[in-house]
Amino acid sequence: MGPLPSEDPSSSGGLLRDKVVLVNGGSQGVGAAIARAAVREGAVVAVTGRRPEPGEALVAELAAAGGTAVFVRADLADAAQAKAAVTRTVEAYGRVDCLVNSAGLTSRGTLLDTTPELFDQHIAINLKAPFFAMQAAVADMVGRGAPGTIVNIITSSAHGGQPFLAPYVAAKAGLTGLTRNAAHAHRFDRVRVNGLNIGWTATEGEDATQRAFHGAGDDWREQAAARLPMGRLGQPDEIADFVVFLLSERSGVVTGSVIDWDQNVLGGLD
């Protein structure tokens with residue numbers, strides 16, 4: 001599973017030099033971009049996902065580039081597996097310094113047509129899994145008396161969102177509150193917890209969602225980009241760079257912040 005990070009401060013460079021980073025939902029999309037960026041900045045990485053193929057492929061890619069990474073197969077709809085991912089990371093590397101909760105379920109549902117089963121799925125993946133992953137990671141940090149950082153990938157829709165995202169919004173709005181609660185509770189433990197409200201992003205998952213729920217064709221990205229202020233969708237690598245900054249000491253004492261990472265301005269009216 002790879003060596004422990006070196007304690008020699010001159011052994012590597014970057015914002016996350018010698019840090020152990022766990023990226024939940026890290027086998028593709030934004031999570032995979034975060035894993036790549038973390039490795040470039042000197043971290044060793046564990047990534048979770050349900051399917052081994054993309055997870056193992058990412059680990060092989062990172063290893064080929066000289067990085068150290070391990071794939072942890074986990075279905076984050078099961079809170080026990082979310083906690084176990086932290087345990088597996090500690091077994092591999094001895095500790096967890098940074099946690100990113102990037103996994104997300106975006107299946108559609110309105111207030112009127114959402115079933116209890118769909119609602120529970122959103123709560124399980126978008127809120128319950130981050131809760132218990134944070135519980136396990138913070139327990140490791142506090143148990144060692146060490147500082148740590150957590151970044152939760154949320155959504156700009158948590159401010160209210162589209163009518164067809166009712167259960168998604170409910171769960172992600174809960175994650176917003178949890179982010180601030182955990183940050184407040186553990187600020188004297190030097191565990192910093194922040195969130196990122198990302199907007200419309202060009203990922204594999206978004207492509208599948210647009211095709212499955214909105215009948216999108218091959219040119220949906222171009223059509224979407226033409227309607228956006230900057231003329232393009234958000235890019236995973238740009239989000240990843242910002243997440244690395246929040247995980248690193250370069251973001252200073254910032255904690256409990258939920259930052260809108262989007263090109264539309266909340267409250268702005270034309």
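Trainee: Where is Asn-194 found?

Mentor: The model is predicted, so local features require pLDDT of at least 70 and side-chain atom pairs pLDDT 80 or more, whereas totals for chains, interfaces and linings use all residues. Residues are numbered from 1 along each chain as its sequence is written, and side-chain values use heavy atoms, leaving out hydrogens and water. Helices (H or I, at least four residues) and strands (E, at least two) are DSSP runs numbered from the N terminus. On that basis, Asn-194 is found in strand E6.

Trainee: Does Asn-194 count as buried or exposed?

Mentor: Buried means under 20% relative accessible area, exposed over 50% and partly exposed in between, for a 1.4 Å probe and protein chains only. The relative accessibility of Asn-194 is 1%, so this residue counts as buried.

Trainee: Which backbone nitrogen does the side chain of Asn-194 reach?

Mentor: Apart from neighbours within four places in sequence, Asn-194 is in contact (heavy atoms within 4.5 Å) with residues including Ile-150, Asn-152, Thr-179 and Val-254. Ser-257 is another of these contacts. At 2.9 Å, the side chain of Asn-194 reaches the backbone nitrogen of Ser-257.

Trainee: What is the order of the strands in the open sheet?

Mentor: Strands of a sheet pair through backbone hydrogen bonds, either parallel or antiparallel; here two strands pair if DSSP finds at least two bridges between them. The open sheet has seven strands with parallel pairing, in the order E3-E2-E1-E4-E5-E6-E7.

Trainee: Which are the edge strands?

Mentor: An edge strand of this sheet pairs on one side only. The two that do so are strand E3 (69-73) and strand E7 (258-261).

Trainee: Which residue in E6 is the bridge partner of Asn-152?

Mentor: Strand E5 (residues 148-153) and E6 run parallel and are joined by six bridges. Within this pairing, the partner of Asn-152 in E6 is Gly-195.

Trainee: At what angle to E1 does helix H3 run?

Mentor: Helix H3 (residues 79-93) lies across E1, strand E2 (44-49) and E3. Axes are lines fitted to C-alpha atoms, for helices over the stretch in contact, and angles run from 0 to 180 degrees between N-to-C directions. By that convention, H3 runs to E1 at about 150°.

Trainee: What value is phi of Asp-18 near?

Mentor: Most residues other than glycine have a negative phi. Asp-18 is found in the segment before strand E1 (20-24) and counts as buried at 14% relative accessibility. Its phi is positive, near 65°.

Trainee: How far does the backbone oxygen of Asp-18 lie from a polar atom of the side chain of Arg-95?

Mentor: Arg-95 is found in the loop between H3 and strand E4 (98-101), and is buried, with a relative accessible area of 16%. The distance from the backbone oxygen of Asp-18 to a polar atom of the Arg-95 side chain is 3.0 Å.

Trainee: How many residues apart in sequence are the parts that the pair of Glu-61 and Arg-36 ties together?

Mentor: A search of the whole structure finds five salt bridges, each a side-chain nitrogen of Lys or Arg within 4 Å of a carboxyl oxygen of Asp or Glu. In one of them, the side chains of Glu-61 and Arg-36 meet at 2.6 Å, N to O. Glu-61 lies in helix H2 (residues 52-64) and Arg-36 in helix H1 (residues 29-40), so the pair ties together parts whose separation in sequence is 25 residues.

Trainee: Which helices hold Asp-241 and Arg-40?

Mentor: The side chains of Asp-241 and Arg-40 meet in a salt bridge of 3.9 Å, N to O. This pair ties together parts that are 201 residues apart in sequence, because Asp-241 lies in helix H8 and Arg-40 in helix H1.

Trainee: What is the relative accessible area of Arg-144?

Mentor: Arg-144 meets Asp-140 in a salt bridge of 3.1 Å, N to O. The two residues are four apart in helix H4 (residues 116-144), about one helical turn. Asp-140 is buried at 16%, whereas Arg-144 is partly exposed, at 33%.

Trainee: What is the angle between the planes of Phe-242 and Phe-245?

Mentor: Rings of Phe, Tyr and Trp (its six-membered ring) pair if their centres lie within 6.5 Å; planes under 30 degrees apart count as stacked, over 60 as edge-to-face and the rest as tilted. The whole structure holds two aromatic pairs. Phe-242 and Phe-245 form a tilted one, with 6.1 Å centre to centre and a plane angle of 35°.

Conventions: A polar contact is a pair of N or O atoms within 3.5 Å; within protein, one must be able to donate a hydrogen and the other to accept it, and residues adjacent in sequence count only if both atoms are side-chain atoms.
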